[in-house]
Amino acid sequence: MKSKLTFSTLIFFLFLAFALLANAQTKKTHHMESGFRNPNPQFQKKGFWSVFVWQWDRFFLPHSLDAKSYPEFPVVHNDGKALQTNANKLSVTWVGHATTLVQIDGVNILTDPIWSERCSPLSFAGPKRYTPPGISIENLPKIDVIILSHNHYDHTDLPSLKQLEEKFHPLVLTGLGNKKLLLGEGIQNVKEMDWWDEVKIGSLQLTFTPTQHFSGRGLFDRDETLWGSFMISGKQETVYFAGDTGYYSHFKEIASRFPNIDVAILPIGATEPRWLMEPVHVDPKEAVRSFQDLKAKFLVPMHYMTFVLSDEPLDSPVPRTKEAMKESGISESALIPLKIGETRFF
């Protein structure tokens with residue numbers, strides 16, 4: 001009896017060892033016990049104190065935005081008619097900030113939609129919209145899918161999402177951990193995704209891909225939900241939406257898995273001061289470097305000219321991007337700096 005128990009115990013521990021080994025092999029390195037982390041092991045996390053120091057300096061020291069009045073930017077008031085009748089052409093429309101409408105294979109996809117006047121937990125305070133949305137929600141074609149890169153207020157805007165839910169009832173794709181928030185706000189069709197997860201919609205494949213950023217909607221939920229970017233692969237064309245990201249090797253990894261990217265929608269704003277923003281926001285030079293890593297055909301810039309979130313002059317991102325492309329030997333024809341509300345058909 002004693003030897004039988006010993007043999008059973010041995011079998012149990014062997015089974016446990018194999019199970020632990022299998023779990024160790026399949027555990028994803030960006031998963032942590034209470035949230036997620038970036039692929040870059042050298043990522044420098046900036047917290048509340050860094051933001052406090054930045055705001056203190058802005059209040060007491062002069063900076064570039066103090067020296068000049070804010071410029072005016074052209075906005076194309078899109079009536080949506082060409083979008084509503086577009087059945088199969090690839091198109092990208094810039095609504096403002098990180099909000100774009102991508103039409104591909106007859107499917108209408110909104111990225112990080114925000115129509116609100118402020119990107120803030122408060123309706124009466126926080127960063128205020130500097131330029132209006134280029135198209136109203138009423139003039140949009142039927143929205144089939146919404147993709148959310150992460151849960152910051154300027155990318156996951158609950159009032160806009162509730163309006164879109166009421167009008168279109170779209171599928172919402174988002175990173176792990178965000179479903180509870182969205183369901184609680186009445187968003188009904190939500191699917192969470194991990195990095196490299198895929199969702200099929202008709203002829204499209206949507207893949208959630210890595211970025212270098214962070215998440216959080218309050219003081220105590222940092223990195224509890226997953227951030228990322230999206231690859232939208234159609235029958236013939238492929239569109240990449242970066243969301244928010246710092247520069248790292250993940251762009252090359254994405255390109256190795258998706259070698260034929262037609263359009264890369266990349267952020268070029270909210271970049272200064274670099275000591276604070278560099279880990280999580282590419283500047284124009286890094287955006288161009290990312291574009292080169294992705295080996296895409298066209299670069300559509302976003303994440304600028306809509307909210308005042310940083311210290312660089314509001315009219316500087318596009319000229320700086322053009323200069324970076326020139327320095328890198330890239331034809332300026334590869335850059336498509338849409339006006340807010342403008343549509344480009346490919």
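Which residue in S12 does Ile-232 stand opposite? Keep that in mind for point 1.

A word on the basis: this is a predicted model, where local features need pLDDT of at least 70, side-chain atom pairs count only at pLDDT 80 or more, and totals for chains, interfaces and linings use all residues. Residues are numbered from 1 along each chain as its sequence is written, and side-chain values use heavy atoms, with hydrogens and water left out.

1. Start with S11. Ile-232 stands opposite Val-239 in S12. S11 and S12 run antiparallel and are joined by four bridges, and a hairpin of four residues connects them. On the S10 side (residues 204-209), S11 (residues 229-233) is again antiparallel, with five bridges. There, Leu-206 faces Ile-232 and Gln-205 faces Ser-233. Strands (E, at least two residues) and helices (H or I, at least four) are DSSP runs, numbered from the N terminus; two strands pair if DSSP finds at least two bridges between them.

2. S11 is well covered. Five of its five residues are buried, so the strand is largely enclosed by the rest of the structure. Ser-229, Met-231 and Ser-233 point one way, while Phe-230 and Ile-232 point the other way. Buried means under 20% relative accessible area, exposed over 50%, and partly exposed in between (1.4 Å probe, protein chains only).

3. Now zoom out to the sheet. Six strands make an open sheet with mixed pairing, in the order S9-S10-S11-S12-S13-S14. S9 (198-201) and S14 are the edge strands, each pairing on one side only. Neighbouring strands are turned by 20 degrees against each other on average, direction ignored. H8 packs on this sheet, touching S12, S13 and S14, and its direction makes about 155 degrees with that of S13. Axes here are lines fitted to C-alpha atoms, for helices over the stretch in contact, and angles run from 0 to 180 degrees between N-to-C directions.

4. H8 itself (residues 284-294) is mostly covered, with eight of its eleven residues buried. Among them are Val-288, Phe-291 and Leu-294. The cover includes S12 (238-241), S13 (263-267) and S14 (298-302) from the sheet, plus helices H6 (250-257), H7 (274-277) and H9 (317-327). Just after H8, Lys-295 takes a positive phi of about 60 degrees.

5. There is another sheet to look at. This open sheet has seven strands in the order S8-S7-S6-S5-S4-S3-S15, and its pairing is mixed. S8 (190-193) and S15 stand at the edges with a single partner strand each, so one side of each has no neighbour in the sheet. Its twist averages 20 degrees from one strand to the next. Within it, S4 (residues 99-104) and S5 (residues 107-111) pair antiparallel over five bridges, and Ile-104 has Val-107 as its bridge partner in S5.

6. A nonpolar core here is a set of buried Ala, Val, Leu, Ile, Met, Phe, Trp, Tyr and Cys residues joined through side-chain atoms within 4.5 Å. The largest has 61 residues, and Ile-109 and Tyr-240 have the most contacts inside it. Ile-109 touches residues including Val-145, Leu-204, Leu-206 and Ile-232, leaving out residues up to four places away in sequence; contact means heavy atoms within 4.5 Å. A second, separate core of 19 residues includes Ile-135, Leu-148 and Leu-182.

7. Next, the rings. The whole structure holds six aromatic pairs. Rings of Phe, Tyr and Trp (its six-membered ring) pair if their centres lie within 6.5 Å; planes under 30 degrees apart count as stacked, over 60 as edge-to-face and the rest as tilted. Tyr-247 and Phe-251 are stacked, at 6.0 Å centre to centre with 25 degrees between the planes, and both are buried. For Phe-298 and Phe-346 the centres are 5.6 Å apart and the planes at 50 degrees, so this pair is tilted. Phe-298 sits in S14 and Phe-346 in the segment after S15 (343-345), 48 residues apart.

8. Last, Asp-157. It lies in the loop between S6 (145-147) and H4 (158-168), and it counts as buried at 6% relative accessibility. Beyond its neighbours within four places in sequence, Asp-157 contacts Pro-113, Ile-114, Trp-115, Ser-116 and Arg-118.
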